[in-house]
Structure formats: structure tokens, C-alpha cells
2 protein chains.
Amino acid sequence: MHILILGAAGMVGRKLAERLLREGRLGKQDITRMTLQDVVAPARPANASVPVSVVASDFADAGAAAPLIAERPDVIFHLAAIVSGEAEAEFDKGYRINLDGTRYLIDAIRAAGGGYKPRLVFTSSIAVFGAPFPEKIGDEFFHTPLTSYGTQKSICELLINDYTRKGLLDGISIRLPTICVRPGKPNKAASGFFSNIIREPLAGEEAILPVSEDVRHWHASPKSAVGFLIHAGTMDLNAMGPRRNLSMPGLSATVGEQIAALERVAGKNVIARIKRVPDPTIIGIVSGWPRDFVTDRALRLGFTTAEKTFDDIIRIHIEDELGGKFVG
Amino acid sequence: MHILILGAAGMVGRKLAERLLREGRLGKQDITRMTLQDVVAPARPANASVPVSVVASDFADAGAAAPLIAERPDVIFHLAAIVSGEAEAEFDKGYRINLDGTRYLIDAIRAAGGGYKPRLVFTSSIAVFGAPFPEKIGDEFFHTPLTSYGTQKSICELLINDYTRKGLLDGISIRLPTICVRPGKPNKAASGFFSNIIREPLAGEEAILPVSEDVRHWHASPKSAVGFLIHAGTMDLNAMGPRRNLSMPGLSATVGEQIAALERVAGKNVIARIKRVPDPTIIGIVSGWPRDFVTDRALRLGFTTAEKTFDDIIRIHIEDELGGKFVG
């Protein structure tokens, strides 16, 4: 089985590639080959037991998809995108990469011919929803994106549904919760603080909390995200009917609940490193974000999270990123 | 005020142009100029009191929109599309006209510069909804198109919302009910019978009813459709917030109720011209179509139908198309 990961240099893409190479199989099938694509060449995984090709190409280039598809990968994980803030600031670039890029990809699949019909797993986003919405967003709530990024993700979901319905590919779009704890350095993304206030204190560093503790948000660990992708890559999609897009399970928690979990897992010294510095801009942005979901459909279809509580999310971070240790 | 109608040779486009030229104004503003575009040159209206340009161009041509937009029309009614059956049979053509064409249009508006920000009224469709759905589809039900046509309409709604949100145009997408009674000859559209069983008997002709009388569907008269477009072209769209797409009011009726209305309006002789010839293909197609809607949002925003009952729909047809007379 040949697996192609688009956007493989990103955090989730890297973790997905690592897990697939470690396990050597996807579902019941042995992996015989892997192709990792991103706009900058993804790092070549060490000690891979199967041939791994590394490709640097611009997903917005009309010709980028064809050579990747010419190799007829069996399963394609499509994580390539520019993020919300960038798609909002750079209108054309956002549409070129997040919409045209996906269309080039699915049209290259369609053009391949010879009965080629790969599994396509597309990472969508809860940004397809925009306020006002109910406290818990259900499986049949309409798409009202308030960003170009959310618009582009929503359009790609529609395209993948239609191409699937027409028998041109075997697609599924999964909407990931906000990934927490995101490893790496603090970044300026408006959502960064949800991870910063856990990751930085565990590393002995201060973290800024720009919103109040009653802000509620929707989280999943990187481990859960990878698990969702693998399940989407292996499950029988016929069970979904023509509606091949859905929100993934997650954990709804307030910032206060995040901090209480951090105290339970890591102690008072750690949470003392969180500094409250309200930022009206971030407060404004976050107020328009989803807070909670009912994901019965995903649960019925066998999608499961790796965590039951926010304490688990923190423990997964300590285990997977910090080798089991933190600065107490 | 300069008005551009795209798809002006179609039935609704023709009726819209006629009404606008008859009234000489749109809302409170005098119409000073009109441009009528379609893939075949629309008929030049007789006795127009303002200059009317007639343009034949292919909406799927990347260069078709720019010269129309260069004239800086104040209000654009975008009715250009290929219909559901054709978009399903001709995949590429459907995407080129129904998706790319709209994108060329909005990008041409964006490229015009100089603060140009026209009102754009886009005719979407209830085909954005696909079964299964509730008996009455509400204003927040999600889009689950089961045709490429419905997919393309849904994508255009998203694009127009996003371009509007970014201040690039002043857009609204309205989902018209099935238009009944559609004038002209019987056609082979799966939905044709809803009109055929009224129009043909009133003209003294036989009509085939291919489904059972308990089939329920969602209707509006051509007069209502034109009224919706004019309201969308004149109302203050700020009242809608960023959700510039919505389902229009209509009338839910079973085929049996249609026939009973025809009997009340035109008598027993007329309904005797309806022949029941069940067609399993059409029965199958129609079973996946919306039957009824709750359109509170449109009603709150001032959209109103010209009819209260199906009897009214029939009377509007007799008045507007038959000069008040029918074959009894």
C-alpha cells in the first residue's frame, strides 16, 4: 500500500507519518511505500523500513498534483493548507492553496483514469461554523464560516462529497478540534494560548493568558488527531452514505478547567507561571469560535479520542513530547 | 441606475427584465440603462424607454465577465446557470458554468477597483438540500446536495458570503422554490410535471402525471420569483449580517392539492385531461426532493409571495400567460 501525505511537514502530518512508519501498516494492509509532500521538503523520517519519497511542491501550482497522482497512491491524507490568519490576510493566496489546490488534486485523481479511485482523507476545520450558533453544535447545523479559511474548507467538503458521489474518488472530510497541546514554540495565532498555558508552564516558562477563565473551547490531543486520520483512512466509508463530511469528537473545556487540570497533573508551582494579561483583540476573535459539539455521528462511525478528560490531554503531552518529565 | 441581468434569456430573467422596464425603477431609483446577457442573445424588449444592451457571451469563458463589469452596473441579477440534469450529465460543463463562471464574475467585480461594490443578487436553489431531511427544512439546516448542480449552487453561496464579508461586493443568494406554473412547452425535466398538469389541461391538452397524488413539493409562481429578486435587489442587506443566503418563501402542496385547486379554479373538464402514467424513474428522483420549508428568516426580511393558495398560483398563470382565458 502506497500512502501520500500532503502537507507532511506540519505538526499533524509529521506525527501521522511517524505513526504509520512505526506501525508499518494502515488497517490490515502493509505499507510498502510512502510519499511526503509539502511546500518545503518534509524531513526524511529516520530508520524508515519502506521507501519514502520526499517532495517539495507548491500545492497552488496547477501542475503540482499530477506527478504525485501519477504514482497512484492508495490512500491520500490531504493536510495541505495555509492557516486561518494567513488566508484572511492574503485573500488570493488562501483561495489558490486552500481551494484551487484541492480542486487540482481531485481533478488530477479524476484524470488519472484506469479505474483509479483512491481513499482521500481531507482535514477540514470547525471554522466552517461561525457565530451565532448553539452552545453545542450538532451534526446537522449549517455552515456559516466567518473567515475565508472556513469558507474554503467548507467548499472543499462539498467538492469531495460530489466527486465521491460521482464515483471519482472515495473521500471523507473530517473537522478536527483545536489541537491541544500543540508542541513547539508559542506562536501568534489567536488560538495559541490554549496550548501555551499548558506547554510553557510545564517547560518552566511563563505563559500569557489573554482571555478570561470562563472561555470555553473544543480540544483534542495530537494523538487523537492522528487517530482520527487513521480511522478515516481505513474505515468502510459506505456506512456514511453521500454525506462524507463530519465533525470529530473532542473535549469541551473552559480555560479555568484547563488550568485546574494542569494543577491536578503538575501542581501549584506550574500553574503559577500563567500570567493573566487580557487582550481585547483576542477576546473578540475567540468569542466567535465554537465552544462545544455533539458528535454522535462520528462516535457511531467509530471515531474515538485518546483522552477522556483534560488531565489526559496534559498527560499525553508530557508522555509524547516531554519524555514523561516536566519542570515542577 | 444601470442594471445587468445575467441569464436574461431564461424564463425568470425575461420576466424580471419586463417588469423592471415596465416600472422604470428599482426600489426608489430610476433605471437609466439595462444590459441583458445570456449565452444566446436575449430578445431585445419592445418599447424600452431606456437604453438596453443585449450581450451574447459564454459565462464559462474566463473573459466574459470583465467587459460587463467594466460598465459598472449598480445591480447585477445573476441567473446564469445550466440546469440540474445537464450539470449532472456534463460534469465539466456544470462546474465551468455554475462554479467557475460565478467565480470569474466576482473576481471581475473585485478587480474593477475604485470602490466599485455592486449589489449582486444570485439565484440559488433548494437543490442545496438533499435527502434525508426533516419534513420542513428550517433556516439552519445544513447543505447536503445530492447533485453537482446543488453542490455548485451551495459553493457559490459560500463564495458570495465571503466576498461580501470582505467588502468586495454586496451580495445575497436566494433559493427559489420550484417555479409553478412554468410557461412554455412541456419539457423532460423530472420536475416538469408539476407545471405540465396545470398548464396543459388549461390549454385543452392532455398532461401526464408520472407520480402519485401524495407527492408533496415546494412551489412559487413566476410572479413571486420576480418579486423575490426585486426585493433582494433593493432591501438593506445589512439586516442579514454575514449570512447572505436563505430559502425563499413558497407554498407546499401535494399533487392532489394541485389538482383539487385546478378543479376549483377551472372545473372538472379541465382536470379530466390529466392522465396518470406512473414512471418509476421520476418517482425515484422526486422522492429525494424537499417537500416543505420553514422560511421565517425570509419572511422577517420582507420577502413575500404573490400567492396565498395554490388556487392563486393557477389564477396568476391564467392572468399573466393566458390573458385571463382557458379551455374549459
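How many residues does helix H12 (residues 310-321) of chain A have, and how far does the helix reach from its first C-alpha to its last? Helix H12 of chain A has twelve residues and reaches 16 Å, close to the 16 Å expected at 1.5 Å a residue. The structure is a predicted model, in which local features need pLDDT of at least 70 and side-chain atom pairs count only at pLDDT 80 or more, while totals for chains, interfaces and linings use all residues. Residues are numbered from 1 along each chain as its sequence is written, chains are lettered from A and ligands numbered from 1 in the order in which they are written, and side-chain values use heavy atoms, with hydrogens and water left out.

**View 1. Helix H12 of chain A and its surroundings.** Helices (H or I, at least four residues) and strands (E, at least two) are DSSP runs, numbered from the N terminus; the expected span of a helix is 1.5 Å times one less than its number of residues. Buried residues (under 20% relative accessible area, 1.4 Å probe, protein chains only) of H12(A) include Phe310(A), Ile314(A) and His317(A). Their cover includes helices H6 (192-202), H7 (222-234) and H8 (255-266) of chain A, where contact means heavy atoms within 4.5 Å. At the N-terminal end, Thr309(A) caps H12(A), with a side-chain oxygen 3.3 Å from the backbone nitrogen of Asp311(A). Gly323(A), with a positive phi near 60°, follows the helix.

**View 2. Helix H5 (residues 148-165) of chain A.** This helix has 18 residues and spans 26 Å from its first C-alpha to its last, close to the 26 Å expected at 1.5 Å a residue. H5(A) is mostly covered, as 17 of its 18 residues are buried. After H5(A) comes Gly167(A), whose phi is positive, near 80°.

**View 3. Packing of helices H4 (residues 91-112) and H5 (residues 148-165) of chain B.** The two helices pack at an angle of about 10°, with their axes 9 Å apart; axes are lines fitted to C-alpha atoms over the stretch in contact, and angles run from 0 to 180 degrees between N-to-C directions. H4(B) is therefore roughly parallel to H5(B), a term for angles under 35 degrees. Among the residues that meet are Phe91(B) and Leu99(B) in H4(B), and Ile155(B) and Leu159(B) in H5(B).

**View 4. Ser124(B) in strand E7 (residues 119-125) of chain B.** Ser124(B) is buried, with a relative accessible area of 5%. A polar contact of 2.5 Å joins its side chain to that of Glu157(B); such a contact is a pair of N or O atoms within 3.5 Å, within protein one able to donate a hydrogen and the other to accept it, and residues adjacent in sequence count only if both atoms are side-chain atoms. Leaving aside neighbours within four places in sequence, the contacts of Ser124(B) include Lys153(B), Ser173(B) and Arg175(B).

How values were computed: Angles under 35 degrees count as roughly parallel, over 145 as roughly antiparallel, 65 to 115 as roughly perpendicular and the rest as oblique. Buried means under 20% relative accessible area, exposed over 50%, partly exposed in between (1.4 Å probe, protein chains only).
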